[in-house]
Amino acid sequence: MTAPGIDLERVRRDTPGCRERVFLDSAGSSLPPTPVLEAMVAHLHREARVGGYVAAAERADDLSGLKVSLARLVAADAASIALCDSATRAWNDFFQAVPLAAGDRVLVTEVEYAGNAIAVLQRARAVGASVDVVPSDDHGRIDLDALDRMLDERVRLVSLVHVPTNGGLVNPVREVADLAHEHGALVLLDACQSVGQLALDVVELHVDALSATGRKWLRGPRGTGFLYVRPDLQIEPAELDLHSAEWTAPDSYRIAGDASRFEFWEADVAARLGLGAAVDYLLELGVDEVERAVRAGADRVRADLSDIPGVSVRDLGEQRCGIVSFTVDGFDPTEVRDALAARDVVVTVSARTSTLLDMSARGLDAVVRASPHYFCSDEDLDVFVGAVREIAGR
Ligand SMILES: *Cc1c(COP(=O)(O)O)cnc(C)c1O
């Protein structure tokens, strides 16, 4: 994918793994660029020399800079960002804080992620709330008219997945948020698959909270994630510690005024420094350039795959992004994945249980998921498409 704005040679030099194989799994766990790896390894060495506290104190500026960078990425204030160890943790930290009582309702979409759905079902059962699914429209996006009809004053939260884990669909966000707010409901955006590949502006999107992970499109380390919480939102975390709150008297404490009230004290400092390096790397490339390059690569792959007899591209939506989902007639998606792996092409399989409602509605058990990032070359994509053609033709 020749994106005018991205120096492909440089980003490939910074990504040794992408020269050894065709790597198409940035929606699963991407290849971190060298600065990320170096930041982490250097910090681990430093911790072993001087101890974790001293090592962290030496990097205090970079650690506070991480929030500034994440805030820049989503157009928020640093004070509205909480650092977490996964997107699931970030999502749950907000969800568990949303007041929910018997008779209340939570709305989810057909592309809801399993981890979120399970948490919603568990809590709804415990408190006697109900969970309703907003149907998709003919293009596979959330049906805004249906949402409008389903919203009432009992809806406490609308859980919206920006880009589902199993395909290239991009859901509308602003429209959902504005409808939800008319009825007093909060909107929690799962941006796990959009942050790092799409430009995002939380103020423009009007969401109350947003969760994301480090290891996917951001190319950060595993075990990292973050939560954005709208700064003027009065919401108390379900769990506190001595970092999210201060013990001020024998029987009282004061909760932190910013989003750090959603953080615990202990953290993997090396991973945070790695995430900071990843976000700064992305900001330096330019999020808009990255979005353009990712979309161009995925569009090309979709078009090429559609031309192969026996291959069905399964992506929903009119507006699409960097995730390409497909099936091959006569082959289980895991067989396709393994046959590609044998040719040094890395893709993953998205199983029905990850997005149960959508996959069941479409009668799909699994899809092959290819997620080319901006560091993939045209030759990489040729190799991939050629390999699929070979597999499908057997
Ligand atoms: C991967 C994914 C998650 C979970 O992210 P973790 O960092 O593994 O917790 C949540 N939502 C979507 C849509 C995902 O694809």
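This is a predicted model: local features need pLDDT of at least 70, side-chain atom pairs count only at pLDDT 80 or more; totals for chains, interfaces and linings use all residues.

1. Residues are numbered from 1 along each chain as its sequence is written, and side-chain values use heavy atoms, with hydrogens and water left out.

2. The unreviewed UniProt entry annotates Lys216 as "modified residue: N6-(pyridoxal phosphate)lysine"; UniProt positions are given in the numbering used here, feature names are shortened, and annotations may be inferred rather than shown by experiment. Lys216 lies in the loop between strand S7 (209-213) and strand S8 (225-229), where helices (H or I, at least four residues) and strands (E, at least two) are DSSP runs numbered from the N terminus. Lys216 counts as buried because its relative accessibility is 7%, with buried meaning under 20% relative accessible area, exposed over 50% and partly exposed in between (1.4 Å probe, protein chains only). Leaving aside neighbours within four places in sequence, Lys216 is in contact (heavy atoms within 4.5 Å) with Ser26, Ala27, Gly28, Ser30, Cys192 and Gln193.

3. The residues surrounding the ligand, meaning those with a heavy atom within 4 Å of it, include Ser86, Ala87, Thr88, Tyr113, Asp190, Arg215 and Lys216. Polar contacts here are pairs of N or O atoms within 3.5 Å; within protein, one must be able to donate a hydrogen and the other to accept it, and residues adjacent in sequence count only if both atoms are side-chain atoms. An oxygen atom of the ligand lies 2.5 Å from a polar side-chain atom of Thr88, a polar backbone atom of Ala87 is 3.1 Å from a ligand oxygen, and for a polar side-chain atom of Lys216 the distance to a ligand oxygen is 2.9 Å. The ligand taken alone exposes 380 Å², of which the protein buries 93%, the areas coming from the Shrake-Rupley method with a 1.4 Å probe; for residues, only the protein chains shown count as cover.

4. Which residues of helix H12 (residues 333-341) are buried? They are Pro333, Val336, Ala339 and Leu340, and they lie on the same side of H12 because they cover an arc of only 125 degrees around the axis, taken from the directions from the helix axis to the C-beta atoms. The buried residues of H12 pack against several elements, among them strand S12 (324-328), strand S15 (366-370) and helix H14 (378-392).

5. Gly274, found in helix H10 (residues 269-285), is buried, with a relative accessible area of 0%. Not counting residues up to four places away in sequence, Gly274 touches Val36, Ala39, Met40 and Pro221, and its C-alpha atom is separated by 8.9 Å from that of Val41, 233 residues apart along the chain. Ala361, in helix H13 (residues 356-361), is exposed, with a relative accessible area of 58%, and the C-alpha atoms of Ala361 and Glu110, 251 residues apart along the chain, are separated by 8.7 Å.

6. Two backbone angles deserve a look. Most residues other than glycine have a negative phi. Ala75, in the loop between helix H4 (60-74) and strand S2 (81-84), has a positive phi near 60 degrees and is partly exposed at 31% relative accessible area. Asp344, in the loop between H12 and S13, likewise has a positive phi near 60 degrees, and Asp344 is partly exposed, with a relative accessible area of 43%.
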